[in-house]
Amino acid sequence: MNSRSGRAPDFWQRVSMAALQGVLRLATRRRYVGLDHIPRGGAVIVVANHVSKVDSLVIAGFVGAAGRWPRFLAKAPLFDVPLLGRFLLRMRQIPVNRGAADAGRVLVVAAEALRAGDAVVIYPEGGTPKPWEDKMRRKGKTGAARLLLSTGAPIVPVASWGPQNILDPETGRLRLRLRTPVTVVAGPPLRISYEDGSGADLHAVTEEIMRALRRLATEAEDSSEPAMRRGLMRR
């Protein structure tokens, strides 16, 4: 695996990250735990839980605070939105065509980014939770496991709690309040053993990733302020 540090953010990416950090400072009261688990250089797969459509901004801010430029695997329809799509491409984000015949190509692009030494962010859960889902039993998709097996890049789990109190994924209700408490917790790189990349092995690796995310999500929730604990995920 290529151990280069990855391409440094250009001027506009640095401006965008600075603007994002300013918005997060105003809109949230952040508690970051485990920033040092994000390597300062070299390839890394950041796997994150998904509690709200705005948690990508929170995770981006967290990865940026660790000194890395995050490259998200993001839904392709976002890239079709005028201006937003051009912005996402300019920021080197990676479109995911779910259900398309070439859906697997996104992992090829992500693997290329990792071999260049980039930080790639992926949501193993795929989407935000449905009302009937148990957060502790959500199944993971195998994309992160496939990237691990194809590149050998370390996997760092990251869980957030609080973004669902900004944008409720069930109702779509946006609650614009200043200084909403948000907790983000990163764990150490996962020590995962694997064999031949068979289907069974991919699912075993994926389950290890999901177990780590569940532990961190519980830690993030339990360490949050009482006001944060009233989010949708508490059932």
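In this predicted model, a polar atom of the Thr151 side chain lies 2.7 Å from the backbone oxygen of Leu147. Thr151 belongs to helix H5, which spans residues 143-151. Its relative accessibility is 8%. Thr151 therefore counts as buried, since the cut-off is under 20%.

Strand S6 covers residues 155-161. Seven of its seven residues are buried, so the strand is largely enclosed by the rest of the structure. In a regular strand, side chains alternate between the two faces of the sheet. In S6, both faces are covered. One side carries Ile155, Pro157, Ala159 and Trp161. The other carries Val156, Val158 and Ser160. The residues on both sides are all buried.

S6 pairs with strand S2 and with strand S7. Strand S2 comprises residues 44-48, and its pairing with S6 is parallel, over four bridges. Here Ala48 stands opposite Val158 of S6. Strand S7 comprises residues 180-186. The pairing of S6 with S7 is antiparallel, again over four bridges. In this case Ser160 stands opposite Val184 of S7. Val158 and Ser160, which face Ala48 and Val184 in these pairings, are both on the side of S6 that also holds Val156.

The structure holds three aromatic pairs. One of them joins Tyr32 and Phe62. A pair of aromatic rings is described by the distance of the centres and the angle of the planes. For Tyr32 and Phe62, the centres are 5.0 Å apart and the planes stand at 90°. The arrangement is edge-to-face. Tyr32 lies in strand S1 (residues 28-33), and Phe62 in helix H2 (residues 55-65). The pair therefore ties together parts that are 30 residues apart in sequence. Phe62 has a relative accessibility of 0% and so counts as buried. Tyr32, at 23%, counts as partly exposed. The value for Tyr32 is not under the 20% cut-off, so the residue is not classed as buried.

A further buried position is Gly85, with a relative accessible area of 1%. Gly85 sits in helix H3, residues 84-90. Leaving aside neighbours within four places in sequence, Gly85 is in contact with Leu78 and Phe79. Pro95 lies 10 residues from Gly85 along the chain. The C-alpha atoms of Gly85 and Pro95 are separated by 9.5 Å.

Notes
Residues are numbered from 1 along each chain as its sequence is written. This is a predicted model: local features need pLDDT of at least 70, side-chain atom pairs count only at pLDDT 80 or more; totals for chains, interfaces and linings use all residues. Side-chain values use heavy atoms; hydrogens and water are left out. Helices (H or I, at least four residues) and strands (E, at least two) are DSSP runs, numbered from the N terminus. Buried means under 20% relative accessible area, exposed over 50%, partly exposed in between (1.4 Å probe, protein chains only). A polar contact is a pair of N or O atoms within 3.5 Å; within protein, one must be able to donate a hydrogen and the other to accept it, and residues adjacent in sequence count only if both atoms are side-chain atoms. Contact means heavy atoms within 4.5 Å. Rings of Phe, Tyr and Trp (its six-membered ring) pair if their centres lie within 6.5 Å; planes under 30 degrees apart count as stacked, over 60 as edge-to-face and the rest as tilted. Two strands pair if DSSP finds at least two bridges between them.
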